Amino acid sequence: MQPTESHSDWSRRLARAWMLLVGLTLVSLTAVLGFGHAEAGLPAAAVALVASYFKARAVLDHFLDLRRADKGWRGFFSGMLVAILGGLMATYLIAA
Amino acid sequence: MSDHPTDATSDSREWGALSDLPGNPIMWVLIVSELLVFGAFFLGFGTARIFNVEMFRAGQGMLDIRLGGLNTLILVSSGWLAAKAVQACAEGNGKGARLWLSGAGALGVAFLVVKSIEYADKAAHGIDIETNTFFTLFYLMTGFHALHVVMGLVLLVIVGWRNSLENLETGAAFWHMVDLIWLILFPIVYLVR
């Protein structure tokens, strides 16, 4: 693989993805811990699952370089994530 | 489409639609398979929770969110270092690639140490895989994931030793997949309660 992206651009992109992952993790933790340990509640659950989607996309797009793949593949992986995380949100709502 | 169009593995059309994915096509087959297996596991966890909400809430209340959060930060940082290793190798810096990969592996070991602390704490409180349905699923999911971390560490050692770009990309892809699974596992087991 011969990079066409400059060293600094590539480094910055990876660093931004890492910062996004750290930031979204801290947002999820804050949302849930803000409700105490007993029960996070619907808003915190939604924040945690939506944050999980964007974190997974960051790993796929920037660490696994899925951003280089065509729209079909990107849509396929987005669909898988939505199915899993949406399904979990549905089970949460049913149980609530 | 491609910023890095000279991937040996992605130039050929012999893999059909998989040829459009960056890196080694077999690794993408594994990533999709693992997402399906763990996805089924996670949805099973959510379904079991419907029938035992109070038990699951009590079980989740006994988990340490901070340790889970710490492990999330450790794993995403490890993934970043693995991506940096691939970058260094692609830019012809083999020594740098090994250093970045060593950092990724060290954080992988740190993840296992934190997980061991968590398991030891549960054992000290008399909690094990047979305690109830929640903890059976907790140990199966986190244990299965931890085994993937161990396998990933073995792979990182191998591709650090034989550090051709294709090997590094493949080993790092497995590592990112382990990261990806944890990013879904962590909220559903620790946070959504």
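In this predicted model, helix 2 of chain A and helix 7 of chain B run roughly antiparallel, because their axes cross at roughly 175° and angles over 145 degrees count as roughly antiparallel. On the chain A side, the residues that meet helix 7 of chain B are A:Ala48, A:Leu49, A:Ser52, A:Lys55, A:Ala56, A:Val59, A:Leu60 and A:Phe63. Their partners in helix 7 of chain B are B:His176, B:Asp179, B:Leu180, B:Leu183, B:Ile184, B:Pro187 and B:Leu191.

Helix 7 of chain B also packs within its own chain, against helix 4 of chain B. These two helices are therefore roughly antiparallel as well, and the crossing is left-handed. From helix 4 of chain B the contact includes B:Gly68, B:Gly79, B:Ala82 and B:Ala83; from helix 7 of chain B it includes B:Trp175, B:Trp182 and B:Phe186. B:His176, B:Asp179 and B:Leu191 take part in this contact and also in the one with helix 2 of chain A.

| Helix pair | Axes come within | Crossing angle | Residues by class |
|---|---|---|---|
| Helix 2 of chain A, helix 7 of chain B | 10 Å | roughly 175° | eleven nonpolar, two polar, two charged |
| Helix 4 of chain B, helix 7 of chain B | 9 Å | roughly 160° | 17 nonpolar, four polar, two charged |

The contact between the chains as a whole takes 44 residues from chain A and 46 residues from chain B. On chain B, helices 2 (25–51), 3 (53–61), 4 (65–90) and 7 (165–191) each supply at least two residues. Helix 4 of chain B gives the largest share, twelve residues. By class, this side of chain B has 23 nonpolar, 14 polar and nine charged residues.

Note on methods: Residues are numbered from 1 along each chain as its sequence is written. Chains are lettered from A and ligands numbered from 1 in the order in which they are written. This is a predicted model: local features need pLDDT of at least 70, side-chain atom pairs count only at pLDDT 80 or more; totals for chains, interfaces and linings use all residues. Two residues are in contact if their C-beta atoms, placed from the backbone, lie within 7 Å. Ala, Val, Leu, Ile, Met, Phe, Trp, Tyr, Cys and Pro count as nonpolar, Asp, Glu, Lys and Arg as charged, and the others, Gly among them, as polar. Axes are lines fitted to C-alpha atoms, for helices over the stretch in contact, and angles run from 0 to 180 degrees between N-to-C directions. Angles under 35 degrees count as roughly parallel, over 145 as roughly antiparallel, 65 to 115 as roughly perpendicular and the rest as oblique. A crossing is left-handed if the near helix is turned anticlockwise from the far one by less than a right angle, and right-handed if clockwise.
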